[in-house]
Amino acid sequence: MEPHPLSKEALSEKRDAFDNLLQRRYYVIPSFSIYGGKAGLYDYGPPGSAIKANVEKLWREHFVIEDDLMEIQATCVTPEEVLIASGHVEKFDDVMVKDSKKGDIFYRCDHLIEEHFENLIKKEGNKLSEEKKKQYEEIIRHVESYSKEKMGEIIKEHKIKSPKTGNDLAEPIHFNLMFGVQIGPTGDSKGYLRPETAQGMFVNFKQLLDYNGGRIPFGCAQIGQAYRNEVAPKSGIIRLREFTLAEIEYFVDPNESTHSKLSEFASHKINVYSKQHQKDGVQHEEMTIGTAIEKGIIENQTLAYYIYRTDLFLKKVGIQFEGVRYRQHKDNELAHYSKDCWDAELMTSYGWIECVGIANRSAFDLTKHAKASKKELMASRKYKQPIKVDVIEGEIDRKFIGKTFKQDNKPVCDALETLDEATKEAMLAAHTEGKSYELSISATKKVEITKECFKKQLEKKTKDVMEEKYVPYVIEPAFGVGRIIYAMWEQNFKMR
(Lines give C-alpha, C1' and ligand atoms only; values in the text may rest on other atoms or scores of the structure.)
Protein backbone atom coordinates (compact mmCIF):
# COMPACT_ATOMS: atom_id res chain seq x y z
CA MET A 1 0.00 0.00 0.00
CA GLU A 2 1.37 3.40 -1.05
CA PRO A 3 1.94 5.86 1.83
CA HIS A 4 -0.13 9.06 1.86
CA PRO A 5 1.71 11.75 -0.21
CA LEU A 6 1.80 13.97 2.90
CA SER A 7 3.12 11.28 5.24
CA LYS A 8 6.60 11.32 6.77
CA GLU A 9 7.44 8.16 4.79
CA ALA A 10 6.45 9.62 1.39
CA LEU A 11 8.18 12.96 2.03
CA SER A 12 11.34 11.23 3.33
CA GLU A 13 11.73 9.39 0.01
CA LYS A 14 12.10 12.76 -1.74
CA ARG A 15 14.15 14.56 0.94
CA ASP A 16 17.59 14.12 -0.67
CA ALA A 17 16.34 15.44 -4.02
CA PHE A 18 14.48 18.26 -2.28
CA ASP A 19 17.44 19.37 -0.13
CA ASN A 20 19.72 19.13 -3.16
CA LEU A 21 17.39 21.41 -5.11
CA LEU A 22 17.28 24.01 -2.30
CA GLN A 23 21.07 24.31 -2.25
CA ARG A 24 21.69 23.86 -5.99
CA ARG A 25 19.20 26.61 -6.90
CA TYR A 26 20.47 28.79 -4.01
CA TYR A 27 17.23 28.95 -2.03
CA VAL A 28 19.17 28.31 1.18
CA ILE A 29 22.78 27.29 1.87
CA PRO A 30 24.83 26.69 5.02
CA SER A 31 26.35 29.95 6.26
CA PHE A 32 30.12 30.41 5.82
CA SER A 33 30.20 27.39 3.54
CA ILE A 34 33.67 28.26 2.15
CA TYR A 35 34.92 27.69 5.72
CA GLY A 36 33.03 24.43 6.06
CA GLY A 37 29.85 25.96 7.49
CA LYS A 38 28.61 26.04 11.08
CA ALA A 39 25.74 23.89 12.34
CA GLY A 40 22.49 25.76 12.92
CA LEU A 41 23.32 28.75 10.68
CA TYR A 42 21.89 29.15 7.17
CA ASP A 43 21.74 31.92 4.54
CA TYR A 44 18.83 32.59 2.18
CA GLY A 45 19.81 33.08 -1.47
CA PRO A 46 17.93 35.37 -3.91
CA PRO A 47 14.90 33.09 -4.54
CA GLY A 48 14.73 32.07 -0.87
CA SER A 49 14.97 35.70 0.28
CA ALA A 50 12.21 36.74 -2.14
CA ILE A 51 9.87 34.00 -0.88
CA LYS A 52 10.70 34.81 2.76
CA ALA A 53 9.91 38.50 2.14
CA ASN A 54 6.58 37.51 0.54
CA VAL A 55 5.65 35.33 3.53
CA GLU A 56 6.47 38.16 5.96
CA LYS A 57 4.47 40.62 3.80
CA LEU A 58 1.50 38.22 3.79
CA TRP A 59 1.81 37.81 7.59
CA ARG A 60 1.69 41.58 8.08
CA GLU A 61 -1.32 41.95 5.80
CA HIS A 62 -3.16 39.01 7.38
CA PHE A 63 -2.51 39.88 11.03
CA VAL A 64 -1.21 43.44 11.52
CA ILE A 65 -3.56 45.09 9.02
CA GLU A 66 -6.64 42.85 9.15
CA ASP A 67 -6.57 42.48 12.96
CA ASP A 68 -5.55 46.14 13.49
CA LEU A 69 -2.42 45.35 15.50
CA MET A 70 0.36 47.77 16.48
CA GLU A 71 3.77 46.76 15.12
CA ILE A 72 7.03 47.64 16.89
CA GLN A 73 10.74 46.85 16.49
CA ALA A 74 12.57 46.15 19.76
CA THR A 75 16.28 45.43 20.19
CA CYS A 76 17.86 41.98 19.97
CA VAL A 77 20.34 42.64 22.82
CA THR A 78 18.48 42.23 26.12
CA PRO A 79 19.83 43.14 29.61
CA GLU A 80 20.15 40.20 31.97
CA GLU A 81 17.69 41.61 34.55
CA VAL A 82 14.89 41.51 31.96
CA LEU A 83 15.44 37.81 31.28
CA ILE A 84 15.88 37.03 34.98
CA ALA A 85 12.44 38.55 35.56
CA SER A 86 10.90 36.64 32.65
CA GLY A 87 12.29 33.32 33.94
CA HIS A 88 14.51 32.63 30.93
CA VAL A 89 17.82 32.74 32.83
CA GLU A 90 16.59 30.06 35.22
CA LYS A 91 14.39 27.89 33.02
CA PHE A 92 15.05 28.36 29.30
CA ASP A 93 16.97 25.17 28.67
CA ASP A 94 17.11 21.75 27.05
CA VAL A 95 18.36 18.50 28.55
CA MET A 96 21.59 17.37 26.90
CA VAL A 97 23.88 14.39 27.29
CA LYS A 98 27.60 14.04 26.51
CA ASP A 99 29.69 11.21 25.15
CA SER A 100 31.51 9.93 28.26
CA LYS A 101 34.89 9.72 26.49
CA LYS A 102 34.61 12.41 23.80
CA GLY A 103 33.83 15.61 25.67
CA ASP A 104 33.13 17.56 22.47
CA ILE A 105 30.22 15.31 21.35
CA PHE A 106 26.81 16.37 22.66
CA TYR A 107 23.26 15.22 22.01
CA ARG A 108 19.89 16.70 22.83
CA CYS A 109 18.57 14.02 25.14
CA ASP A 110 14.92 13.76 23.99
CA HIS A 111 15.93 13.63 20.30
CA LEU A 112 18.57 10.98 21.00
CA ILE A 113 16.05 8.75 22.81
CA GLU A 114 13.38 9.30 20.16
CA GLU A 115 15.74 8.40 17.31
CA HIS A 116 17.01 5.32 19.18
CA PHE A 117 13.54 3.81 19.52
CA GLU A 118 12.43 4.82 16.01
CA ASN A 119 15.48 3.02 14.59
CA LEU A 120 14.82 0.03 16.87
CA ILE A 121 11.22 -0.32 15.64
CA LYS A 122 12.37 -0.02 12.01
CA LYS A 123 15.25 -2.49 12.47
CA GLU A 124 13.33 -5.16 14.40
CA GLY A 125 10.19 -4.92 12.26
CA ASN A 126 7.91 -7.95 12.69
CA LYS A 127 10.35 -9.56 15.16
CA LEU A 128 9.32 -6.98 17.78
CA SER A 129 6.52 -8.08 20.08
CA GLU A 130 3.36 -5.98 20.15
CA GLU A 131 3.96 -5.20 23.82
CA LYS A 132 7.51 -3.93 23.20
CA LYS A 133 6.40 -1.90 20.18
CA LYS A 134 3.70 -0.19 22.26
CA GLN A 135 6.24 0.52 25.02
CA TYR A 136 8.68 2.10 22.54
CA GLU A 137 5.95 4.13 20.83
CA GLU A 138 4.80 5.40 24.24
CA ILE A 139 8.34 6.64 24.98
CA ILE A 140 8.59 8.31 21.54
CA ARG A 141 5.24 10.03 22.08
CA HIS A 142 6.02 11.44 25.53
CA VAL A 143 9.81 11.81 25.70
CA GLU A 144 9.72 15.63 25.18
CA SER A 145 7.85 16.02 28.47
CA TYR A 146 10.11 13.71 30.52
CA SER A 147 12.30 15.07 33.32
CA LYS A 148 16.10 14.94 33.17
CA GLU A 149 16.04 12.08 35.69
CA LYS A 150 13.50 10.06 33.68
CA MET A 151 15.56 10.44 30.49
CA GLY A 152 18.66 9.27 32.38
CA GLU A 153 16.81 6.18 33.60
CA ILE A 154 15.71 5.30 30.04
CA ILE A 155 19.27 5.68 28.70
CA LYS A 156 20.60 3.32 31.39
CA GLU A 157 17.75 0.80 31.21
CA HIS A 158 17.95 0.45 27.42
CA LYS A 159 21.74 0.78 27.25
CA ILE A 160 21.60 3.66 24.76
CA LYS A 161 25.10 4.55 23.49
CA SER A 162 26.64 7.53 21.72
CA PRO A 163 25.58 7.05 18.06
CA LYS A 164 28.84 8.53 16.72
CA THR A 165 31.29 6.46 18.81
CA GLY A 166 29.39 3.67 20.56
CA ASN A 167 30.69 4.97 23.91
CA ASP A 168 28.64 5.19 27.09
CA LEU A 169 26.78 8.44 27.77
CA ALA A 170 27.30 10.73 30.78
CA GLU A 171 24.44 11.79 33.09
CA PRO A 172 21.97 14.17 31.41
CA ILE A 173 22.32 17.85 32.36
CA HIS A 174 20.37 21.07 31.76
CA PHE A 175 21.81 23.48 29.18
CA ASN A 176 20.60 27.10 28.96
CA LEU A 177 19.89 27.98 25.33
CA MET A 178 20.61 31.72 25.42
CA PHE A 179 23.66 33.42 23.89
CA GLY A 180 25.32 35.63 26.50
CA VAL A 181 26.74 39.04 25.47
CA GLN A 182 28.77 41.75 27.20
CA ILE A 183 27.14 45.20 27.09
CA GLY A 184 29.76 47.96 27.16
CA PRO A 185 33.54 47.80 27.55
CA THR A 186 33.77 47.03 31.30
CA GLY A 187 31.98 43.70 31.23
CA ASP A 188 29.93 44.71 34.26
CA SER A 189 26.65 44.79 32.34
CA LYS A 190 25.64 41.31 31.20
CA GLY A 191 23.00 40.60 28.58
CA TYR A 192 21.75 38.04 26.09
CA LEU A 193 20.67 37.89 22.48
CA ARG A 194 16.90 37.59 22.74
CA PRO A 195 15.55 34.01 22.57
CA GLU A 196 12.14 35.40 21.52
CA THR A 197 10.78 38.79 20.46
CA ALA A 198 8.03 38.76 23.12
CA GLN A 199 9.89 40.47 25.98
CA GLY A 200 10.37 43.63 23.91
CA MET A 201 6.60 43.94 23.69
CA PHE A 202 5.96 43.23 27.37
CA VAL A 203 8.41 45.87 28.61
CA ASN A 204 6.73 48.40 26.28
CA PHE A 205 3.23 47.56 27.53
CA LYS A 206 2.59 50.90 29.28
CA GLN A 207 3.53 52.91 26.16
CA LEU A 208 1.41 50.62 23.96
CA LEU A 209 -1.58 50.97 26.31
CA ASP A 210 -1.25 54.78 26.32
CA TYR A 211 -0.86 54.81 22.51
CA ASN A 212 -4.11 52.83 22.29
CA GLY A 213 -5.92 55.35 24.49
CA GLY A 214 -5.93 53.05 27.54
CA ARG A 215 -8.29 50.60 25.81
CA ILE A 216 -8.19 46.80 26.22
CA PRO A 217 -8.14 44.50 24.26
CA PHE A 218 -5.33 45.36 21.86
CA GLY A 219 -2.54 43.53 20.07
CA CYS A 220 1.11 44.21 19.37
CA ALA A 221 3.17 42.49 16.66
CA GLN A 222 6.85 42.14 15.86
CA ILE A 223 8.92 40.36 13.21
CA GLY A 224 12.64 39.92 13.87
CA GLN A 225 15.59 37.70 14.59
CA ALA A 226 15.80 35.44 17.65
CA TYR A 227 18.72 33.37 18.90
CA ARG A 228 18.93 30.00 20.64
CA ASN A 229 22.16 28.11 21.24
CA GLU A 230 20.75 24.73 20.22
CA VAL A 231 22.57 21.68 21.60
CA ALA A 232 22.79 19.75 18.33
CA PRO A 233 21.09 21.64 15.49
CA LYS A 234 20.29 19.68 12.35
CA SER A 235 17.41 19.18 9.88
CA GLY A 236 18.38 22.15 7.70
CA ILE A 237 16.45 25.36 8.41
CA ILE A 238 14.03 23.59 10.78
CA ARG A 239 16.34 23.87 13.81
CA LEU A 240 18.58 26.94 13.72
CA ARG A 241 20.63 29.00 16.16
CA GLU A 242 19.53 32.25 14.49
CA PHE A 243 16.06 32.46 12.97
CA THR A 244 13.14 34.77 12.21
CA LEU A 245 10.13 34.93 14.54
CA ALA A 246 6.85 36.70 13.89
CA GLU A 247 5.01 37.15 17.20
CA ILE A 248 1.81 38.71 18.48
CA GLU A 249 1.01 39.66 22.07
CA TYR A 250 -2.75 40.18 22.38
CA PHE A 251 -3.72 41.75 25.72
CA VAL A 252 -7.17 40.94 27.11
CA ASP A 253 -9.24 41.50 30.25
CA PRO A 254 -9.10 38.20 32.22
CA ASN A 255 -12.79 38.68 33.16
CA GLU A 256 -13.81 38.65 29.47
CA SER A 257 -13.87 35.03 28.29
CA THR A 258 -15.81 35.49 25.03
CA HIS A 259 -14.82 36.74 21.57
CA SER A 260 -17.04 38.99 19.47
CA LYS A 261 -16.28 37.07 16.24
CA LEU A 262 -17.10 33.57 17.53
CA SER A 263 -19.92 33.12 15.00
CA GLU A 264 -17.42 33.84 12.22
CA PHE A 265 -15.00 31.03 13.11
CA ALA A 266 -17.03 28.47 15.12
CA SER A 267 -17.76 26.34 12.01
CA HIS A 268 -14.13 26.34 10.80
CA LYS A 269 -12.66 22.81 10.72
CA ILE A 270 -9.17 21.95 11.95
CA ASN A 271 -7.28 18.80 12.90
CA VAL A 272 -7.35 18.72 16.73
CA TYR A 273 -4.74 16.73 18.68
CA SER A 274 -5.71 17.42 22.29
CA LYS A 275 -3.85 16.28 25.38
CA GLN A 276 -6.56 13.62 25.82
CA HIS A 277 -5.90 12.29 22.30
CA GLN A 278 -2.21 12.05 23.20
CA LYS A 279 -2.91 10.34 26.53
CA ASP A 280 -5.14 7.78 24.80
CA GLY A 281 -2.54 7.18 22.08
CA VAL A 282 -4.96 7.99 19.24
CA GLN A 283 -4.54 10.14 16.13
CA HIS A 284 -5.72 13.72 15.72
CA GLU A 285 -9.40 14.32 14.96
CA GLU A 286 -11.08 16.64 12.47
CA MET A 287 -13.31 18.98 14.46
CA THR A 288 -14.89 22.43 14.21
CA ILE A 289 -13.44 25.08 16.51
CA GLY A 290 -16.94 25.63 17.93
CA THR A 291 -17.16 21.96 18.95
CA ALA A 292 -13.71 22.14 20.57
CA ILE A 293 -14.91 25.15 22.61
CA GLU A 294 -18.20 23.44 23.58
CA LYS A 295 -16.34 20.34 24.79
CA GLY A 296 -13.94 22.47 26.84
CA ILE A 297 -10.95 21.29 24.77
CA ILE A 298 -10.15 24.92 23.90
CA GLU A 299 -11.14 27.03 26.90
CA ASN A 300 -10.22 30.57 25.83
CA GLN A 301 -12.18 32.02 22.89
CA THR A 302 -9.45 34.54 22.00
CA LEU A 303 -6.94 31.70 21.84
CA ALA A 304 -9.45 29.82 19.64
CA TYR A 305 -9.76 32.90 17.40
CA TYR A 306 -6.00 32.95 16.84
CA ILE A 307 -5.97 29.23 16.05
CA TYR A 308 -8.56 30.06 13.37
CA ARG A 309 -6.57 33.04 12.05
CA THR A 310 -3.36 30.97 12.07
CA ASP A 311 -5.07 28.22 10.08
CA LEU A 312 -6.26 30.69 7.44
CA PHE A 313 -2.74 32.14 7.17
CA LEU A 314 -1.11 28.72 6.76
CA LYS A 315 -3.57 27.81 4.00
CA LYS A 316 -2.77 31.10 2.22
CA VAL A 317 0.95 30.30 2.42
CA GLY A 318 0.36 26.89 0.80
CA ILE A 319 0.09 24.42 3.68
CA GLN A 320 -2.43 21.66 2.94
CA PHE A 321 -5.29 20.68 5.28
CA GLU A 322 -3.88 17.17 5.86
CA GLY A 323 -0.45 18.70 6.48
CA VAL A 324 -1.32 20.66 9.64
CA ARG A 325 -2.65 19.61 13.04
CA TYR A 326 -3.14 21.56 16.27
CA ARG A 327 -1.49 19.80 19.20
CA GLN A 328 -2.30 20.83 22.76
CA HIS A 329 0.59 20.82 25.23
CA LYS A 330 0.23 18.26 27.99
CA ASP A 331 0.22 19.64 31.56
CA ASN A 332 3.76 18.46 32.28
CA GLU A 333 5.26 20.10 29.17
CA LEU A 334 3.76 23.60 29.44
CA ALA A 335 6.36 26.38 29.45
CA HIS A 336 6.96 28.15 32.75
CA TYR A 337 4.86 31.14 31.58
CA SER A 338 2.00 29.26 29.94
CA LYS A 339 -1.53 28.45 31.16
CA ASP A 340 -2.51 26.63 27.94
CA CYS A 341 -0.71 26.21 24.62
CA TRP A 342 -1.42 24.78 21.18
CA ASP A 343 1.17 24.12 18.49
CA ALA A 344 0.39 24.25 14.80
CA GLU A 345 2.45 21.24 13.73
CA LEU A 346 3.22 20.85 10.02
CA MET A 347 4.05 17.56 8.34
CA THR A 348 7.58 17.33 6.91
CA SER A 349 9.99 14.56 6.04
CA TYR A 350 11.11 14.81 9.69
CA GLY A 351 7.56 14.14 10.89
CA TRP A 352 5.24 16.61 12.63
CA ILE A 353 7.22 19.78 13.38
CA GLU A 354 6.05 22.64 15.61
CA CYS A 355 5.93 25.78 13.45
CA VAL A 356 3.50 28.03 15.39
CA GLY A 357 2.88 28.17 19.14
CA ILE A 358 -0.38 29.76 20.34
CA ALA A 359 -0.16 30.24 24.10
CA ASN A 360 -2.26 31.68 26.88
CA ARG A 361 0.55 33.31 28.90
CA SER A 362 -2.01 34.61 31.46
CA ALA A 363 -0.64 37.59 33.47
CA PHE A 364 2.75 35.94 34.03
CA ASP A 365 5.02 38.30 32.07
CA LEU A 366 3.48 41.64 33.03
CA THR A 367 3.34 40.60 36.69
CA LYS A 368 7.00 39.51 36.70
CA HIS A 369 8.25 42.65 34.93
CA ALA A 370 6.16 44.93 37.15
CA LYS A 371 7.62 43.29 40.25
CA ALA A 372 11.23 43.40 39.00
CA SER A 373 11.12 46.94 37.56
CA LYS A 374 8.89 48.42 40.32
CA LYS A 375 6.74 49.95 37.55
CA GLU A 376 2.99 49.52 37.30
CA LEU A 377 1.97 47.47 34.25
CA MET A 378 -1.81 47.45 34.62
CA ALA A 379 -4.97 48.44 32.76
CA SER A 380 -8.23 49.83 34.19
CA ARG A 381 -11.87 48.85 34.04
CA LYS A 382 -14.00 51.98 34.18
CA TYR A 383 -17.52 51.85 35.64
CA LYS A 384 -20.55 54.04 35.02
CA GLN A 385 -21.60 53.71 38.67
CA PRO A 386 -19.28 53.31 41.69
CA ILE A 387 -18.76 49.74 42.89
CA LYS A 388 -17.49 48.47 46.25
CA VAL A 389 -14.12 46.71 46.30
CA ASP A 390 -11.94 45.33 49.09
CA VAL A 391 -8.46 46.83 49.23
CA ILE A 392 -5.46 46.67 51.57
CA GLU A 393 -3.89 50.03 52.36
CA GLY A 394 -1.18 51.45 54.62
CA GLU A 395 1.37 54.28 54.78
CA ILE A 396 5.09 53.54 54.82
CA ASP A 397 7.43 55.18 57.36
CA ARG A 398 10.19 56.60 55.17
CA LYS A 399 12.23 57.83 58.14
CA PHE A 400 12.33 54.37 59.75
CA ILE A 401 13.08 52.70 56.41
CA GLY A 402 15.94 55.14 55.74
CA LYS A 403 17.55 54.45 59.14
CA THR A 404 17.05 50.69 58.88
CA PHE A 405 18.01 49.97 55.25
CA LYS A 406 20.40 52.89 54.56
CA GLN A 407 21.69 52.49 50.96
CA ASP A 408 18.72 50.23 50.15
CA ASN A 409 16.30 52.93 51.29
CA LYS A 410 15.01 53.87 47.81
CA PRO A 411 14.52 50.34 46.39
CA VAL A 412 12.71 49.29 49.60
CA CYS A 413 10.38 52.31 49.42
CA ASP A 414 9.78 51.74 45.69
CA ALA A 415 8.98 48.06 46.30
CA LEU A 416 6.55 48.83 49.15
CA GLU A 417 4.72 51.46 47.10
CA THR A 418 4.15 49.08 44.17
CA LEU A 419 2.98 45.97 46.03
CA ASP A 420 0.37 43.86 44.27
CA GLU A 421 -2.72 42.76 46.20
CA ALA A 422 -1.47 39.19 46.73
CA THR A 423 1.77 40.45 48.31
CA LYS A 424 -0.14 42.91 50.50
CA GLU A 425 -2.37 40.05 51.64
CA ALA A 426 0.63 37.88 52.55
CA MET A 427 2.43 40.76 54.29
CA LEU A 428 -0.68 41.68 56.29
CA ALA A 429 -1.04 38.04 57.41
CA ALA A 430 2.60 37.92 58.51
CA HIS A 431 2.35 41.20 60.45
CA THR A 432 -0.89 40.07 62.12
CA GLU A 433 0.99 37.03 63.44
CA GLY A 434 3.82 39.26 64.69
CA LYS A 435 6.22 38.06 61.98
CA SER A 436 8.28 39.91 59.38
CA TYR A 437 7.73 39.45 55.63
CA GLU A 438 10.60 38.66 53.22
CA LEU A 439 10.33 41.03 50.24
CA SER A 440 12.36 40.97 47.02
CA ILE A 441 13.73 44.42 46.15
CA SER A 442 15.76 43.21 43.15
CA ALA A 443 16.39 40.02 41.20
CA THR A 444 19.12 39.05 43.70
CA LYS A 445 18.24 40.76 47.01
CA LYS A 446 15.55 40.27 49.65
CA VAL A 447 14.85 42.22 52.86
CA GLU A 448 12.75 41.61 55.99
CA ILE A 449 9.77 43.98 56.28
CA THR A 450 8.41 44.45 59.83
CA LYS A 451 5.34 46.35 61.07
CA GLU A 452 7.64 49.25 62.00
CA CYS A 453 8.15 49.99 58.29
CA PHE A 454 4.60 51.42 58.25
CA LYS A 455 3.45 54.70 59.80
CA LYS A 456 -0.13 53.52 59.23
CA GLN A 457 -0.40 49.74 59.43
CA LEU A 458 -1.73 47.67 56.54
CA GLU A 459 -5.46 47.06 56.90
CA LYS A 460 -8.37 45.84 54.81
CA LYS A 461 -10.93 48.42 53.72
CA THR A 462 -14.00 48.53 51.50
CA LYS A 463 -14.00 51.48 49.10
CA ASP A 464 -16.31 52.91 46.43
CA VAL A 465 -14.42 53.15 43.14
CA MET A 466 -15.19 54.28 39.60
CA GLU A 467 -12.41 52.17 38.12
CA GLU A 468 -10.57 48.99 38.99
CA LYS A 469 -7.00 48.17 38.01
CA TYR A 470 -5.97 44.73 36.81
CA VAL A 471 -3.12 42.94 35.06
CA PRO A 472 -4.20 41.87 31.54
CA TYR A 473 -3.87 38.32 30.29
CA VAL A 474 -1.89 37.70 27.10
CA ILE A 475 -2.65 35.43 24.15
CA GLU A 476 0.51 34.87 22.13
CA PRO A 477 0.72 33.38 18.63
CA ALA A 478 4.44 32.91 17.73
CA PHE A 479 5.41 31.90 14.18
CA GLY A 480 8.69 30.27 13.15
CA VAL A 481 8.96 31.83 9.68
CA GLY A 482 11.74 29.55 8.39
CA ARG A 483 9.95 26.36 9.51
CA ILE A 484 6.71 27.43 7.82
CA ILE A 485 8.61 28.14 4.59
CA TYR A 486 10.41 24.78 4.72
CA ALA A 487 7.15 22.86 5.30
CA MET A 488 5.40 24.80 2.52
CA TRP A 489 8.23 24.04 0.09
CA GLU A 490 8.35 20.35 1.01
CA GLN A 491 4.58 19.78 0.99
CA ASN A 492 4.39 21.27 -2.53
CA PHE A 493 7.57 19.72 -3.95
CA LYS A 494 6.90 17.51 -6.99
CA MET A 495 9.26 15.25 -8.94
CA ARG A 496 8.81 14.23 -12.56
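The model is predicted. The count of salt bridges comes to 41, and a few of them are set out below.

**Surface patch**
- Phe-32, Ile-34 and Tyr-35 make a nonpolar surface patch of about 480 Å².
- Ile-34 lies in the loop between β1 (28–30) and β2 (42–44).
- Ile-34 counts as exposed because its relative accessible area is 79%, over the 50% cut-off.

**Sheet and helix**
- An open sheet is formed by three strands in the order β6-β5-β7, with antiparallel pairing.
- The edges are held by β6 (106–108) and β7 (173–176); each has a single partner strand, so one side of each lacks a neighbour in the sheet.
- From one strand to the next, the twist averages 50°.
- Strand β5 (residues 93–98) is joined to β6 by three bridges, and Val-97 has Tyr-107 in β6 as its bridge partner.
- Helix α6 (residues 109–124) packs on the sheet and touches β5 and β6, its direction making about 80° with that of β6.

**Salt bridges**
- Arg-361 and Glu-476 form a salt bridge with an N to O distance of 2.6 Å.
- This pair links strand β16 (residues 351–362) with strand β21 (residues 473–480), the two residues being 115 residues apart.
- Arg-361 is buried, at 0% relative accessible area, and Glu-476 is buried at 3%.
- Glu-66 and Lys-316 form another salt bridge, with their closest N and O atoms 3.6 Å apart.
- Glu-66 is partly exposed at 47%, and Lys-316 is partly exposed at 44%.
- A network of salt bridges links Glu-66, Asp-67, Arg-309 and Lys-316.

Key:
Residues are numbered from 1 along each chain as its sequence is written. This is a predicted model: local features need pLDDT of at least 70, side-chain atom pairs count only at pLDDT 80 or more; totals for chains, interfaces and linings use all residues. Side-chain values use heavy atoms; hydrogens and water are left out. Patches are made of residues with over 30% relative accessible area and no salt bridge: like charges are joined within 9 Å, nonpolar side chains (Val, Leu, Ile, Met, Phe, Trp, Tyr) within 5 Å. Accessible areas come from the Shrake-Rupley method with a 1.4 Å probe; for residues, only the protein chains shown count as cover. A salt bridge is a side-chain nitrogen of Lys or Arg within 4 Å of a carboxyl oxygen of Asp or Glu. Helices (H or I, at least four residues) and strands (E, at least two) are DSSP runs, numbered from the N terminus. Buried means under 20% relative accessible area, exposed over 50%, partly exposed in between (1.4 Å probe, protein chains only). Two strands pair if DSSP finds at least two bridges between them. Axes are lines fitted to C-alpha atoms, for helices over the stretch in contact, and angles run from 0 to 180 degrees between N-to-C directions. Contact means heavy atoms within 4.5 Å.
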